[in-house]
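Grab a pencil and work through these exercises with the structure open beside you. Try each task before you read its solution.

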Amino acid sequence: MAGGREVLRAVSLSAAPGSLVVIAGASGAGKTSLLEVLAGVRPPDEGSVTHDDRPPAPRAGGFGYVPQDDIVHRDLPLSRTLRYAAELRLPAGTSAADVAEAVRRALDDLGLTAVAGQRVGLLSGGERKRASIAVELLTRPRVLFLDEPTSGLDPAAGAALLGLLRSLAHQGTTIVLTTHTPADLSRADTVAFLAPGGRLVYHGAPNGLLEHFGTDNVEEAYGVAADLPSVSAEEGTEPSAGTSSESAAPRLMGPMRQWWLLTRRSAEILARNRLSAAVVVGSPIMIIAMFAMLFRPGAFDPAAPDPASTAMICFWIAFGAFFFGLTYGLLQICTELPIVRRERLTVLRLGPYLLAKVAILLPVLVAADALLLAVLRGLNRLPAADGGVYGSLFVSTVLASAAALTLGLLASAAVAEPGQATLMLPLLCFPQVLFSGAFVPVPKMSALGSGLSWAMTNRWAFEALGSGVGLDELWAHGASPMGPPLLASYGDTFAHSAARGWLWLGGFTVLFLAAAWAVLARKCRRAARG
């Protein structure tokens, strides 16, 4: 069932060890659903699936699954992305030499040795598809499931890929794949043809397909399939995938080691993507430069303070820290969601995965926040104060960035593609500006606006910065006549300790990170269910 609709009906077939089985049929006939059921990616609502008379267990190893989307990082050289995949998927304790041998063997099996040093994003479509298959071959699966591996390839590249899959079958690996390409059917040992509605209308050798359908070519078979009765490959049996032997579940990497591996992988991906690295490093420098030009010197001079400017300086520091964190987090997950979904089926723990993103980006944010405060102080845009004051300001900006980073990760997990994440940027920023309490003090807001302000991380960063720098005291005792009226409009906004804002920001950081975990876990489960 999918969306309340029955997508497969009484399908019964089997795959012998070392055979190449092609599942064909019109769009919407249930090919991908059948493949996922056979692979154990999604459980059947009725009936059963067995591998060597046992239910399929993806985490137990022995099978490979290649979805339609690429499951290799495009910013890494092919050999590097395979090495990280091997370290992640092979049993814990596998030696470096064995990891290197697994990578070498997978490259050799797929004819990719010559392009091992090239960045994956520069490979052709056929080479990237083979690279995704190479990821699955690292663990030497007994059964390999592929969803439309020749889709988008030219006829020559598609034929070459099927030839490689045929050679894998000759080596003893059972190959089961879906296809829209008629030429793929003739290269199979067995064809399973589905009619609209998820009915199996043919199961047998390719050379009997046209006779069964009463057509002159495969293309015509798609048109008459709906009128044919269902067939059964083996009466009384359920879908099964034959394998040559049974193996115990591998001992997987522990959470801390997985976190360290994922952290190293994320760091290398960021470092090798020159545009992303330039944005990460350059955007804080540009914003700091604009802040330096925007604010005038001496606004915090106790003898002649400028209350309005001091409030705006605190707000824009808070918003700058928020903007840094949000933009860093927004594209972290949605760009690699197919890889996350695939790895989640076998080895990936979402906690270490998310914490690896934080571990890579938070130190950059800490450095950006420190630079922001140092430059503004050096240019006399912040007051001359002791280390305690600047320690408070630093903690406030770092916590603001951390909360925004995890909000960005949550948004990145929630959207389906990078374009949607880009659209989320103004939607997430605008409320943070309006309801922070800087332009309209919280006591002056409507009841609804005041209530909404409690959910804005920028409010708590703004208040913590104002408390840390002592705006209340500065405004009350300064020479400016607008100090007391402005102070009255803000009420007790800055009367609390900065630690109050820190608690809120820390709480939001934990909440957003937990929500990102829940959203990502749900997406992975939903992908498995279809």
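**Exercise 1. Describe how helices α11 and α17 pack.**

Step 1: Start with the geometry. The axes of α11 and helix α17 (residues 457-469) come within 9 Å and cross at roughly 130°. Helices here are DSSP runs of H or I with at least four residues, numbered from the N terminus. Axes are lines fitted to C-alpha atoms over the stretch in contact, and angles run from 0 to 180 degrees between N-to-C directions.

Step 2: Name the arrangement. α11 and α17 are oblique to each other, because angles under 35 degrees count as roughly parallel, over 145 as roughly antiparallel, 65 to 115 as roughly perpendicular and the rest as oblique. Their crossing is right-handed (the near helix is turned clockwise from the far one by less than a right angle).

Step 3: List who touches whom. Among the α11 residues are A311, C314 and F315, and they meet a set in α17 that includes T457, N458 and A461. Contact means heavy atoms within 4.5 Å.

Step 4: Sort by class. You get eleven nonpolar, three polar and no charged residues. Ala, Val, Leu, Ile, Met, Phe, Trp, Tyr, Cys and Pro count as nonpolar, Asp, Glu, Lys and Arg as charged, and the others, Gly among them, as polar.

Before you go on, a word on the source: this is a predicted model, where local features need pLDDT of at least 70, side-chain atom pairs count only at pLDDT 80 or more, and totals for chains, interfaces and linings use all residues. Residues are numbered from 1 along each chain as its sequence is written, and side-chain values use heavy atoms, leaving out hydrogens and water.

**Exercise 2. Find out whether A192 is buried or exposed, and what it touches.**

Step 1: Locate A192 in strand β7 (residues 190-195); a strand is a DSSP run of E with at least two residues.

Step 2: A192 has 0% relative accessibility, so A192 counts as buried (under 20% relative accessible area; exposed is over 50%, partly exposed in between, with a 1.4 Å probe and protein chains only).

Step 3: Leaving out residues up to four places away in sequence, A192 touches L13, V22, I23, A24, L200, Y202 and H203.
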